[in-house]
Amino acid sequence: MKKFVSIMLALAMSMSLAACGADSSSDASSDSQSSSDAASGEKVVKIGVFEPATGDSGAGGKQEMLGMQYANHMTPTVDIGGETYKVELVYADNGSDSAKAPTAASELVSKDVSLVLGTYGSSCAMAGGPIFGEAGLAAIGVTCTNPGVTAGNDYYFRICFLDPFQGTVLANYAKNELKATKAYCLAKQGDDYSGGLANYFIKAFGEENCVYEQFPEGTSDFSTYITNAQQQGCDVFFSPVSLEAAAQIIAKAETQGLGMPILAGDTWDSNVVLEAAKGTSLNICVTTFYQEGVNAEFDSAIKEWINSDATAKTNNGGDDKLSAVTVMGYDAYCVALEAIKAADSADPAAVLAALPGVTYEGITGAISFNDIGDANRDSAVVKKCNTESGNWDFVTVAKVG
């Protein structure tokens, strides 16, 4: 359906361009989505960044944005209509809150961006997405993995795998590698990401063999949930929650002697988790999109950039450990540039029409889109927290079926 819509948009655009072709004023400089920098005279194309810089997903949002910022640092321009345009990133903080997400989305629409990147957090993507749809803006999700992000719309795309796949990978790992027969699953109330991923895990693992609980907003003491998992005789503790909650769970799991492996999804792939787990006796495994070391040249270059910029280093948690969401942010920016180049325009309708046909060989792998707008990805990296070194150890690349 999205490819059909893109074809119709392209036809409509070509008719419009033909009708205006005799007007010498209808060149790239008249494009409503590009502007001239008054100070430098540069022509500018704007890409919206719809990410959390605050709230319980703020740490992950900042790391995802780092990849976009590094990509913009490395490739700060794009050619449109034979002219070079400066690429400007325009930010709106959705606050990790689905109630605030529509306002942040509207802010980006008002700033005349050509397309949008983000967001970290599926709930905010689903809450803000309709605003982009009404404005005719394409949005490229980076690591928002809930199926509801792209379902039933023609404007949201994404470059990550989905939770039904990720949940099945984690359930298979729990059963086949950890030999677990009973799983404890903990999600946050009202959170589409953790609740959705937990449900897909339970479905794949077997509902009759799972204990499922949810904690309310504002929870900071996870003692009761740790105790419940132990008393229920579970073999694995699965909790794909935010980084803020993750650090608190790790602390309680250690002090209470959890006694079982902890599994989580892509949100836990962060130095926040590594720091919280360092020196503990915990066994923590996650599924994610990239393993540091796969592309040594890229890793070295982005680490050098992080270390050279105090703000970037702070936003990365105070060190240069590379999270997969950062690399995905880099790839998302590059895909956005490919869409603008394919459209040969900064006009949102043109970019939206071109995006379904974009292919790109990213740092995290080959990127292309299916008819729903989801990435054609069939594998996930599984890695384990090395609590002695404070790094992630590669375990395997997992596929389903």
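What follows is a set of questions and answers on a predicted model.

Q: What makes the 77 residues a nonpolar core?
A: The label applies because the members are buried nonpolar residues, under 20% relative accessible area, joined through side-chain atoms within 4.5 Å. Among the 77 residues of this largest core, I47, I159, F201, L263, V335 and L355 touch the most other members. Helix α12 (residues 324-343) gives the largest share, 13 residues.

Q: Which residues does I47 contact, leaving aside its neighbours within four places in sequence?
A: Contact requires heavy atoms within 4.5 Å. I47 meets this with V87, E88, L89, V90, V113, L115, L117, Y333, A336, L337 and I340.

Q: How do you know that β15 and β16 pair?
A: Pairing needs at least two bridges. Strand β15 (residues 380-386) and strand β16 (residues 391-398) have seven and run antiparallel, so they pair. V381 stands opposite V397 in β16, and N386 has N391 as its bridge partner. Four residues lie between the strands of this hairpin, where G390 takes a positive phi near 75°.

Q: What makes β9 and β16 edge strands?
A: The open sheet of seven strands runs β9-β8-β10-β11-β12-β15-β16, with mixed pairing. β9 (210-215) and β16 each have a single partner strand, so one side of each lacks a neighbour in the sheet.

Methods:
Residues are numbered from 1 along each chain as its sequence is written. This is a predicted model: local features need pLDDT of at least 70, side-chain atom pairs count only at pLDDT 80 or more; totals for chains, interfaces and linings use all residues. Side-chain values use heavy atoms; hydrogens and water are left out. Buried means under 20% relative accessible area, exposed over 50%, partly exposed in between (1.4 Å probe, protein chains only). Helices (H or I, at least four residues) and strands (E, at least two) are DSSP runs, numbered from the N terminus.
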